[in-house]
Number of protein chains: 2
Amino acid sequence: MAVNVAIVGATGAVGEEFIRILESRKFPVKELRLLASKRSAGKKMRFCGVEYTVQELTRHSFQGIKIALFSAGSSISKEYVPYAIESGAVCVDNSSAFRMDDDVPLVVPEVNPQDIAKHHGVIANPNCSTIQMVVALKPIHDVAKIKRIVVSTYQSVSGAGLKAVDELQRETASILAGKNDFQRKLFPHQIAFNVLPQIPQSNAFLQNGYTSEELKMVNETKKIMGDHSIRITATTVRVPVLRCHSESVNIETEKKITVAEVRKLLAKSPGVTLMDDPANQVYPLAPFAAGKDDVFVGRIREDESIDKGINLWIVSDNLRKGAALNAIQIAEKLL
Amino acid sequence: MAVNVAIVGATGAVGEEFIRILESRKFPVKELRLLASKRSAGKKMRFCGVEYTVQELTRHSFQGIKIALFSAGSSISKEYVPYAIESGAVCVDNSSAFRMDDDVPLVVPEVNPQDIAKHHGVIANPNCSTIQMVVALKPIHDVAKIKRIVVSTYQSVSGAGLKAVDELQRETASILAGKNDFQRKLFPHQIAFNVLPQIPQSNAFLQNGYTSEELKMVNETKKIMGDHSIRITATTVRVPVLRCHSESVNIETEKKITVAEVRKLLAKSPGVTLMDDPANQVYPLAPFAAGKDDVFVGRIREDESIDKGINLWIVSDNLRKGAALNAIQIAEKLL
């Protein structure tokens, strides 16, 4: 039953999570192949107590591989996924390269596991900010049909990779020390003690003024939910948080659903943990969700500005459920 | 023409701004009386090159005072505003004590200056997060009539006072140093490298699950705009930013208004600076707005999820336009 697994982008923020989660979930790994750019080749990483050496990614890297987990950016996926498929692997791709392709399933196992079977060698893993939102909203959609979503995000810097985490920490230290000479490499503006209404950090903006991250939330949500009638608008914002994305989500439903009903529904939904006790100041928070698997939901309130509206606060670990965990859950379903 | 001015809460975050702004705007101050709690009495503060000694606030503090600027919390305002009125002063009160009283005007000079004349000794200064939103939305409301607002905020810690600024800085330093023993005094949870969907930091939650800050945005907006038909829902979030609040605002209008029209309108609106050039990564940011008077608006986009919707990103200095500056602008109109 054990299979050969390759990780493309093994030394990145999501790559590291892939290794940890394969290990902790006892994924049936026969051989593990860690792949990365030439620059990272030779690096040592541990999996289940054994040291592995990272190899340079080439077109020949996928010989004998059954499952290839990709998280090294769109251009790498576009170039190497075809070689992996040719070698007989099924790819779970965390980049945006194939997400909106009609013949590529875009899957969150709690939402549309049935789509996995339709794959032709590659299954796309959705964007982090989309995954946590649809896990929380699908149970509500099934019962009350969501007509419209207005979402504003509070996204951590780890969504931009390990270098972004480092940049936030160094810029924060520089500002605390009263210095004024910090050299930014990644973010277009100060991220320490600031919030940036721009994701990603370069080539973000489209003709209509939206960022690509915002459009991902709109388009991917419709595809995963399998309902193109849902209307969505998003504002995505980078915040000086190391890990986990938070989201302020407003929904309008076709059928009335009360706060009590939403709570009851989410309390029993797979992949969701309800954290909603305002009297005791209990609601989901990034430092709490970090390293955990679930999507945490709280601050559930009736939106009194419309007849059938609900506000929610949704927090999840962007590197786990938002990326590596979701991909590995897909791989588990594949086997 | 010069008048005697008292500042109640002179040593607080807003109190310090009162002094700076009175000076920079050359407000016609004859005598300045700095008032605070017994604990702060005796402290020295400078105004126009002269050293002033902070006096303890008592019921007799307002003798001869023409304008009393209050920013020392609701209970102080409730207790001392009547004495100030009795002494013949007109009070501009930055607390929430009287804001929703029917016979107390709640004023943003760019929006409803006409309400100032209706005062009976006290004019309420709105909540910081409300002020910047209505300054940006009023010109749009006048042209296209706003039917509904969905707002999520990114509010800086200075809104919770100077001690909150100190707590964020100390907690941040502690986390960067890898320590795990920081003793919080103000915030209910970690604020460094985190976002907190709770404002204020204690006694925040009402029966319906909303915080008092969220309800302020709903109720104050209607009163200032003089239009109780506007439907509003808010989620207010504290972010690890020192100064300036940012807001993701979604509006639905009765009449269609295009992005180009909104830009043109806001570019000529008093108190607003348009900063909306996504191609060059130009949009409003907290560190830029700090210390400035205007409300900065950018990321203006058509909300494609409805027929007549617009998204905006609104940033302003919560201690200036959100508090001290707005109060002093009211006082200027009073004179």
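1. Let's start with a pair of residues you can find in the predicted model. Ala36(A) has Glu56(A), in strand β5(A), as its bridge partner. The two strands involved are β2(A) and β5(A), the latter covering residues 55-56, and they pair in the parallel sense over two bridges.

2. Now look at what else β2(A) does. Strand β1 of chain A (residues 3-8) runs parallel to β2 of chain A (residues 29-36), and five bridges join them. As a reminder, strands of a sheet pair through backbone hydrogen bonds, either parallel or antiparallel.

3. Next, pick out Pro109(A). Where does this residue lie? Pro109(A) belongs to the loop between β7 (90-93) and β8 (122-124) of chain A. Pro109(A) counts as partly exposed because it has 18 C-beta neighbours inside 10 Å, and a buried residue would need 20 or more. Setting aside neighbours within four places in sequence, Pro109(A) is in contact with Gln329(A), Ile330(A) and Lys333(A). By contrast, consider Gly178(A), which is 69 residues from Pro109(A) along the chain: their C-alpha atoms are separated by 47 Å.

4. Chain B gives you a sheet to trace. Six strands form an open sheet with mixed pairing, in the order β10-β9-β11-β14-β13-β12. Why is one side of β10 and of β12 left without a neighbour in the sheet? Both strands, β10 (231-235) and β12 (272-274) of chain B, stand at the edges, and each has a single partner strand, so one side has no neighbour there. From one strand to the next, the twist averages 25 degrees.

5. β12(B) pairs with strand β13 (residues 295-302) of chain B in the parallel sense, over three bridges. Val272(B) stands opposite Val295(B) in β13(B). Helix α5 (residues 212-225) of chain B packs on the sheet, where α5 touches β9 (146-154) and β10 of chain B. The direction of this helix makes about 155 degrees with that of β10(B).

6. Finally, see how the two chains meet. Contacts link 51 residues of chain A with 51 residues of chain B. Several elements of chain A each supply at least two residues of the side that touches chain B, among them β9 (146-154), α4 (162-176) and β14 (309-316). The residues on that side of chain A divide into 26 nonpolar, 18 polar and seven charged.

How values were computed. Residues are numbered from 1 along each chain as its sequence is written. Chains are lettered from A and ligands numbered from 1 in the order in which they are written. This is a predicted model: local features need pLDDT of at least 70, side-chain atom pairs count only at pLDDT 80 or more; totals for chains, interfaces and linings use all residues. Helices (H or I, at least four residues) and strands (E, at least two) are DSSP runs, numbered from the N terminus. A residue is buried if 20 or more other C-beta atoms lie within 10 Å of its own, exposed if 12 or fewer, and partly exposed in between; C-beta atoms are placed from the backbone. Two residues are in contact if their C-beta atoms, placed from the backbone, lie within 7 Å. Two strands pair if DSSP finds at least two bridges between them. Axes are lines fitted to C-alpha atoms, for helices over the stretch in contact, and angles run from 0 to 180 degrees between N-to-C directions. Ala, Val, Leu, Ile, Met, Phe, Trp, Tyr, Cys and Pro count as nonpolar, Asp, Glu, Lys and Arg as charged, and the others, Gly among them, as polar.
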